[in-house]
Amino acid sequence: MRMWKEFIKGLWKENAVFRQLMGMCPTLAVTNAAINGLAMGLATLFVLVCSSVIIAIVKNYIPDKVRIPSFIVVIATFVTIADLFMAAFFPDIQKVLGLFIPLIVVNCLILGRAEAFASNNPVKYALMDALGMGVGFTWALTLLGIIREVLGMGSIFGIEVMGVNFTPWIIFILPPGAFITLGILLGIFNAFSKKKTSEASCH
Amino acid sequence: MNNTSRMVVVLLLVGAISGLVLALTFKWTEPMINEIAQSNQKKAILEVLPKAKSYKTMENNNQLFIGYDDNGNEVGLAFIAEGGGFQGDIRMMVGMDTTEEKLTGMTVLSHLETPGLGARIEEDWFKDQFNEKSIEDDFIAKQDVEAITGATISSNAVSNILKNSIPKALDAYRTRGGK
């Protein structure tokens, strides 16, 4: 079933963070705590789904030469809506993420999906693709956030887990920690999928 | 229609529709956002003046608030202090007891510090160390108050803002006929 296939590919096989290495700026910048990664992922998911659907609907009316500026305006509109909506209904989360929400506009994952998928596929597939990519992005950011928070602050989602004798490795909540964690995770995931493909080819 | 004018029309339409949608969303959320800001300010004032049950905004100065207890006695002064932080301005609500000349509380209203590092100026353990400090204190980070690990600049910024704004607020309060 194609609907399901378009959804599932974003979770692992074409995962935005671990497979395509897209949207690295928010991935590295906001994942110093699990909650920040999760909230950033969800906000990106919202913008990705809304803009992909709108772009898939209007794609035939937009001349090729102005498609990028048109897509960016659509994306920026949804980002601002998400920002205002969160400020009105979830002021606490909006306060934490404040600075990073406007930056969703320049997340190349969103423009990338609009350009590569939504602009030449039917609306229903664009919706499933955006959902899959968004969920894939969200779990990747949350995982990075959990690892960095545990090592850098000794807690997960603000709950202490490492006990009183644990000395936090401050570097993990600082920018270098983002690169170190992402690098190690990419290495592990690459080794894992390489092994899987070579085993599969033997049989 | 030729290609150029079609491009212009499409872009114009995209921009106009987006603008309309945004204007409507803004109109719809604005009252709620303002209300949240108002109630946050009220909460902040009562938080930094633990003895106060109500407060009045000082005439001629909307950054100064005088707290009163149940019997209508003055119990302290709250004021908005702001200044540069690591990445942008830090705005704080500061409460002090004007007779004993000590701080009664401090809370952060808004800031643009790094999440997870400088943003920890919002955490209770950091804010609470300013309670009961004399208003003459220098608040030097790492000496008089504990600094946030990895965010010395943000910690210093808070101390400097306090040090600079306390005399100014006190001055404004006294020259407008306070005790």
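Visitor: How much area is buried between chain B and chain A?

Guide: The size of an interface is often given as the accessible area lost when the parts come together. In this predicted model, about 2200 Å² is buried between chain B and chain A. Carbon and sulfur atoms give 80% of that area.

Visitor: Which elements of chain B give two or more residues to the side that touches chain A?

Guide: Helix 1 (3-48) and strand 5 (102-110) of chain B do. Helix 1 of chain B gives the most, with 16 residues.

Visitor: How does that side of chain B divide by class?

Guide: There are 16 nonpolar residues, seven polar and two charged.

Visitor: How many residues are in contact on each side?

Guide: Chain B has 25 residues in contact with 28 residues of chain A.

Visitor: Now to chain B itself. In which sense do strand 1 and strand 2 of chain B pair, parallel or antiparallel?

Guide: Antiparallel, over four bridges. Strand 1 covers residues 54-57 of chain B, and strand 2 covers residues 64-68.

Visitor: What lies between the two strands?

Guide: Six residues, and the strands form a hairpin. In the turn, Asn60(B) has a positive phi of about 65°.

Definitions and conventions:
Residues are numbered from 1 along each chain as its sequence is written. Chains are lettered from A and ligands numbered from 1 in the order in which they are written. This is a predicted model: local features need pLDDT of at least 70, side-chain atom pairs count only at pLDDT 80 or more; totals for chains, interfaces and linings use all residues. Side-chain values use heavy atoms; hydrogens and water are left out. Contact means heavy atoms within 4.5 Å. Buried area is the accessible area (1.4 Å probe) that two parts lose on being put together, summed over both. Ala, Val, Leu, Ile, Met, Phe, Trp, Tyr, Cys and Pro count as nonpolar, Asp, Glu, Lys and Arg as charged, and the others, Gly among them, as polar. Two strands pair if DSSP finds at least two bridges between them.
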